[in-house]
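Student: I have a model open and would like to talk through how its pieces pack. Could you walk me through it?

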There are 2 protein chains.
Amino acid sequence: MMNDLFAGVVTGSHANGARKSRNGLYIADIVEMLNACPRQEAAEKLARMPDVRAVAVLDRPEFRRAPDVLALMPVARAIALVSQMSEDRAADVLAAMGEAGEPIIAALTPDLRKSLTALLAWPHDSAGGMMTTEYVAIPESATVEQALAHIRSVERTRETIYSIFLTDAAGRLVAAISLRRLIMAEPGSAAIDLARGRDPVCVGPGTDREVVADLIRRHDLLALPVVSEDGRPLGIVTVDDVLDALVAEHTEDAQKFGGVEALDRPYLETGFLAMIRKRAGWLSVLFLSEMLTASAMQHFETELEKAVVLTLFIPLIMSSGGNSGSQATSLIIRALALGQLRLRDWWRVALRELPAGLVLGGILGLVGIIRIAVWQGFGFYDYGPHWVLVAATVGAGLVGIVTFGSLAGSMLPFLLQRLKFDPASASAPFVATLVDVTGLVIYFTIALAILSGTLL
Amino acid sequence: MMNDLFAGVVTGSHANGARKSRNGLYIADIVEMLNACPRQEAAEKLARMPDVRAVAVLDRPEFRRAPDVLALMPVARAIALVSQMSEDRAADVLAAMGEAGEPIIAALTPDLRKSLTALLAWPHDSAGGMMTTEYVAIPESATVEQALAHIRSVERTRETIYSIFLTDAAGRLVAAISLRRLIMAEPGSAAIDLARGRDPVCVGPGTDREVVADLIRRHDLLALPVVSEDGRPLGIVTVDDVLDALVAEHTEDAQKFGGVEALDRPYLETGFLAMIRKRAGWLSVLFLSEMLTASAMQHFETELEKAVVLTLFIPLIMSSGGNSGSQATSLIIRALALGQLRLRDWWRVALRELPAGLVLGGILGLVGIIRIAVWQGFGFYDYGPHWVLVAATVGAGLVGIVTFGSLAGSMLPFLLQRLKFDPASASAPFVATLVDVTGLVIYFTIALAILSGTLL
């Protein structure tokens, strides 16, 4: 929803952050207050507000109580408020209400019901799910004066008037012009001339919200038209909806990278069982995969019994592999998301990660060797008569594992993208698990090569 | 920079994503093309463009070549282009040019030099660094008609005209009104009446970009005024700059969570040595901390020698602790960033993570016990005569470590916030390292308690 520029803004004295309230509350603060109080109380408080304010509160996507609160209100009041809400938000809220929303939908005017039903058909993270149908469209033949007169007549019912569509006789979008250009132009000139003969950037309703956000950002748009296959405007996605979508996407990516299924609600409002479900799934999958480490260890049981000293460094070596992998993965996920890398760049990345891994592994290996030498030299610990070989094993193991970690961690997002998954599904725990099993095998193989005939 | 609504948009036929070019290129596409070609060639191509187009390209923050390209151009041309750029972007580019920018700054008009120098004084991630001084301000006594006339007269030189400041006789900001309200109002009425007697949301120039983004998002603003301590407007941050800031913040957070210092440039454009530096620092710190695991293992050396079977499960148990910790950390970082949690909520989180950790640890522990029983029962592996006790140790160890991981992982972001660090600095590798050392101690302590008198 793109509200009026400073709608809901009330007052304040200047501080480092936002201004504080003097003679009232910001809508955003009312939203926060209502989110925090019990739903019955929130419903009563909202019911007591004048319509304009109640609608402004309901229109905010941050007002998570909206579906609950509308369900608790007298149906007549709920209908009146929903009718005044911006359509994209009303559709989201009604979708969240499920069955409780049906009496409200049934009582809306046929026109509104039709456009809300159309909006409800699209997934919430698509252009169709984000758009509102409250846009301004005028015939391409209109003059600037006629266009401005039309805008003035419909302003109250439109979410944004800063972007105006020009349509041809068949209703197809031919241009989008800004209010800015319109008010600067000669009243008698043709509106279409302001479009500079160019077609607008636009998307189909099925377009993913990440693509929508990227287009709005790349082209510095205030609003992006959504059009049907035959080019007729269906709605408009405004920049404020994109801000919300970017933040939601950020949260989802961060949770995925941490190895959690994205939560649908804020942390403290997510039920205990839902929280367990969102975490137990991945945790169990990782646990089952990590069991391979036990199998790998069992495989090297003889070596472990002969040289217990080798086990001392297992956690150190494994975690270094996981850490370097997690670094590489986070770098590549973002580079892919920002379009700085494409699928076909995988080999360029591999050619960078290979030497990077060798250098990073070399640094850690050197530190590891020094650590063993110092402990041995000062008598903190006795690594046995073959301590030099043990140190060499640890050093070489680190080079091998960090290199493998960097390579595997950087290739994983490419692999996921190739398999049509979201590259951001590659989580730090997933990379660590992947590297752990292989890391153990690398370590013991190097140990066998170096220590064979002495310790092993 | 908030350009004209569809500035730089050219043409296309409808596809699932953006439209493709028919009779020209989008500015965003030119930017991409110039970013990809050698800097000398980019400079030549840009020099051949008409001013309007060259400035539109330079104005895009995505045009990373801007500082290089301006430095390679004849100074006179560079001066002409910089003078036409939007001020916030010009300041950023000149800052990036360093010494090479000095002849350009010296040749600008005194007014422009003054306002660019003022912008350069603020960090790039503060409101002062993001703002432009090209805003529209009119006296509070103006009528709607006078306001619109003023807007029309200055439109060409202003970044946005959708938000208009009203100032008092002392030049202090008293209100901000939208162009939307202005064009809907009676020409003869007072502009100040449109402000509904409310003060605008505004910030000081030192405000962090995250706070700026949050205010613009929460209040659905198109632009946020930046004011001095005494309340005089200094500039304006537009919503498109906030979109860019959000994406930059997202990248920084993702890289930090992966355990990398934030890269300043795209992956493939970051020099090899810079890349090593950004990664080696954290990797070495983690490595040095992780060395405590070797010390912990050395401490339990006698136990390790007596019961090699215990070592088999070390990687499994340690990684489970790290994974549960990484999950909890990613959840809490985002909840803090979104304001869903405050510092004072730490105990509510702890009271949730404790039972969550116990349940998750219980699930993994059960799976672990079943694994050992099955391998023993089917004769895949012999865990010795005390295999039941070994299984109990592994199960109990998992409960203890996953609980500790969830608690430590969830408390770490709170601790960082308390210490005035960015909670998003808590990386998955950092949490894993924290949990690894303690996890080993928990595991061996439980082993001593259960296996004392039998294996140990």
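Student: Happy to start with two helices. At what angle do the axes of α17(A) and α18(A) cross?

Tutor: Good place to begin, and keep in mind that this is a predicted model. Two packed helices are described by the angle between their axes and the distance between the axes. For α17(A) and helix α18 (residues 346-377) of chain A, the axes come within 12 Å. The crossing is right-handed, and its angle is roughly 145 degrees.

Student: Which residues of α18(A) meet α17(A)?

Tutor: On the α17(A) side, look at A:Ser320, A:Ser324, A:Ala328 and A:Ile332. The residues of this contact divide into 5 nonpolar, 3 polar and 1 charged. The partners in α18(A) are A:Val349, A:Glu353, A:Gly357, A:Leu360 and A:Leu364.

Student: Which helix gives the largest share of the side of chain A that touches chain B?

Tutor: The contact between the chains takes 125 residues from chain A and 125 residues from chain B. Of the side of chain A, 69 residues are nonpolar, 34 polar and 22 charged. The largest share, 17 residues, comes from residues 314-337 of chain A, helix α17.

Student: Now the sheet in chain B: which strands stand at its edges?

Tutor: Its 3 strands form an open sheet with mixed pairing, in the order β1-β2-β3. Two strands have a single partner each, so one side of each is left without a neighbour in the sheet. These are β1 (136-139) and β3 (173-178) of chain B.

Terms used: Residues numbered from 1 in each chain as written. Chains lettered and ligands numbered in written order. Predicted model: local features only at pLDDT ≥ 70, side-chain atom pairs only at ≥ 80, totals over all residues. Contact = placed C-beta atoms within 7 Å. Helix = DSSP H or I, 4+ residues; strand = E, 2+ residues; numbered from the N terminus. Nonpolar A, V, L, I, M, F, W, Y, C, P; charged D, E, K, R; others polar. Pairing = 2+ DSSP bridges. Axes fitted to C-alpha atoms, helices over the stretch in contact; angles between N-to-C directions. Left-handed = near helix turned anticlockwise from the far one by under 90°.
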